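This briefing goes through one protein model, from overall makeup to single side chains. Please keep the sequence and the structure in view while reading.

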Amino acid sequence: MMKRILAFISMILAVSLISSNTVSAEENTYDRIYMITVDRFLNNNSSNDVGVTADRDPYNPYGGDFNGVSPYLEYIKDMGFNTVMLSPVMERAEDDYLGYDVTDYGALSEAYGSPEDFQALIDEAHELDLKVVVDMPAVATDDYTALEEPVFNDIQSDYYEDIDREIINLQNPDNQKTYRAMVQNFIDTYNIDGISMFINQNGLDASEFLPEDIKTYGILSTSELSAEGFDTVASENFRANLADTYGGLDKEIPEFPKDEQLIMADHWFSERVTYHAAEQNMFPGTRIQQLANYLYAYRGPSAMTYGTEVAFNGNSYPEIHPQMNFRSDKEVVEYLENIAVVYRNHAIMQEPETETETLLNEDGQYIVRYYTDDVDYILNVNNTTETQSVTFDQSAKEEGKVYSGMLIGDMIRPYDNSYIVVLDREETELYSVIDETGFNNGYLYSAILVFGIFAVFVWVAARRSKKKAKRMNEQ
């Protein structure tokens, strides 16, 4: 009984606190992508296991399938993601787990499940307002002419040497026509929301080989590559810089890109972002929390690789693709869930009309102001080894306003026409610039209700105790 009442009280307080700070309950405008290596997520149907070895050889499949992803869609959404990006799902060689050793572009991998299983996963995601993106391989089967000199990063080189496959020359007109038809057939068959592609050929134009009626995401494998025609492209230079910055401290944080490029700190063919933290003896949980705020606050699409929330490590193939661990420490997961509520409820930050201004970017502290039609916001990132203090002059527009912290809970009132913003090391705070209205009425009413319920509980408990004592005395 006591536990139930306390849980109810906690719920009332939580709701009141969230509602008092909510400005907009719209969904995020931009994609927040969770990248899943299907085979390494969860084996929820052993009857479709193909190529799984008894000794769990990491170079071979572990048995993950579509049925293993479905139960965790709410888990993914709760962490603040609105898009799931799946590794390739076409029929592949039995000893391949990543999905790029394609044997048949016209069929789904039996190891992942049936077409009905795949469509069920898509439908369940859509019911939760999650989009589904599938990565498209560019491996040369008999229908294609191979590229003579593909451009690989080190991890891709090891992988493609292991599977012994070549890449399609996507600047060949015949290849372009065949590939576009294949992709079109795939998206006509399954109700997916987008396709992604790792780029291994310089100067590609996606409009020449991909359909026009689907959202496209290009991921540059190395810094020497460039591409156009995709809806958004992830730069390897930016990825590497972001991973290095958030792997440590006291490094200048990359400015948010203005071109809405896809940003990420790692992916299926890169070292894990945790690797940088481990190399510098940093606590990975805090590093990931800091990185997540950067990714969520960005006005453009961002992505996080599966297992980042449980600090997966590694810098080589196949150690960067371990089996997903749902039983590890939930501290980072809970943190992501908490900040996801804030960013989701204040999605006006991501509206097209919103403008941003960098107020400070120096040696690991990054402060950005968001100007919206409703409420202004200030993102304060302290990715340094020391507590940082910054003073801002109060503008005429800010007369009577306070900086209300929503991630940590700081409340900054003006003093002598200035706001003194102080933030501990390795923390991020997001302030809403709002009118100071005194004690929040909603919270006041909730507090009265809570204490009223508690008083009733104490009264009932006391009466029961007296009755019990009386019965004992009578006996």
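The model is predicted. The protein chain holds 11 helices and 20 strands. Of its 475 residues, 53% count as buried.

**Chain as a whole**
- The protein chain exposes about 21,600 Å², and carbon and sulfur atoms supply 47% of that area.
- Among contacts between residues at least 6 apart in sequence, 70% join residues at least 24 apart.

- In soluble globular proteins, nonpolar side chains tend to be buried together.
- The largest nonpolar core here has 116 residues, of which Tyr-34, Phe-118, Tyr-179, Phe-186 and Ile-192 touch the most other members.
- Helix H9 (residues 284–297) supplies the largest share of this core, seven residues.
- Another core, of 10 residues, lies apart from it; among its members are Val-390, Tyr-403, Tyr-431 and Val-433.
- Leaving out residues up to four places away in sequence, Tyr-179 touches Met-136, Pro-137, Ala-138, Tyr-144, Ile-168, Leu-170, Met-197, Phe-209 and Leu-210.

**Helix H5**
- In helix H5 (residues 154–163), the buried residues are Ile-155, Gln-156, Tyr-159, Tyr-160 and Ile-163.
- These residues cover an arc of only 120° around the axis, so they lie on the same side of H5.
- The buried residues of H5 pack against strand E6 (194–199).
- Exposed residues Asp-154 and Glu-161 sit on the face of H5 turned away from its buried side.

- Leu-249 lies in the loop between helix H7 (236–246) and strand E11 (263–264).
- Leu-249 counts as buried because its relative accessible area is 13%, under the 20% cut-off.
- Not counting residues up to four places away in sequence, Leu-249 touches Met-282, Arg-287, Asn-383, Thr-384, Thr-385, Arg-425 and Glu-426.
- Leu-249 and Asp-363 are 114 residues apart in sequence, with 8.4 Å between their C-alpha atoms.
- Two of the residues that Leu-249 touches, Arg-425 and Glu-426, form a salt bridge with each other, 2.7 Å from N to O.
- In that pair Glu-426 is buried at a relative accessible area of 16%, while Arg-425 is partly exposed at 37%.

**Other salt bridges**
- The whole structure has 14 salt bridges.
- Glu-271 pairs with Arg-239, with the closest N and O atoms 3.3 Å apart.
- This pair links distant parts of the chain, 32 residues apart: Glu-271 is in the loop between E11 and helix H8 (273–279), and Arg-239 is in helix H7.
- Glu-271 counts as buried at 15% relative accessibility, and Arg-239 also counts as buried at 4%.
- Arg-413 and Glu-436 form a salt bridge of 2.4 Å, N to O.
- That pair too links distant parts of the chain, 23 residues apart: Arg-413 is in the loop between E18 and E19, and Glu-436 is in the loop between strand E20 (427–435) and helix H11 (441–474).
- Arg-413 is partly exposed at 48% relative accessibility, and Glu-436 is partly exposed at 41%.
- Arg-369, Asp-376, Lys-397 and Glu-398 are linked in a network of salt bridges.

**Surface patch**
- Tyr-415, Ile-420 and Val-422 make a nonpolar surface patch of about 320 Å².
- Tyr-415 lies in the loop between strand E18 (411–412) and strand E19 (418–423).
- Tyr-415 is exposed, with a relative accessible area of 64%.

Conventions: Residues numbered from 1 in each chain as written. Predicted model: local features only at pLDDT ≥ 70, side-chain atom pairs only at ≥ 80, totals over all residues. Heavy atoms only, no water. Patch = residues over 30% accessible without salt bridge, like charges linked within 9 Å, V, L, I, M, F, W, Y side chains within 5 Å. Areas by Shrake-Rupley, 256 points an atom, 1.4 Å probe, with all protein chains shown as cover. Salt bridge = Lys/Arg side-chain N within 4 Å of Asp/Glu carboxyl O. Helix = DSSP H or I, 4+ residues; strand = E, 2+ residues; numbered from the N terminus. Buried < 20%, exposed > 50% of the residue type's maximum accessible area, 1.4 Å probe, protein only. Contact = heavy atoms within 4.5 Å. Core = buried A, V, L, I, M, F, W, Y, C linked by side-chain atoms within 4.5 Å. Arc of directions from axis to C-beta.
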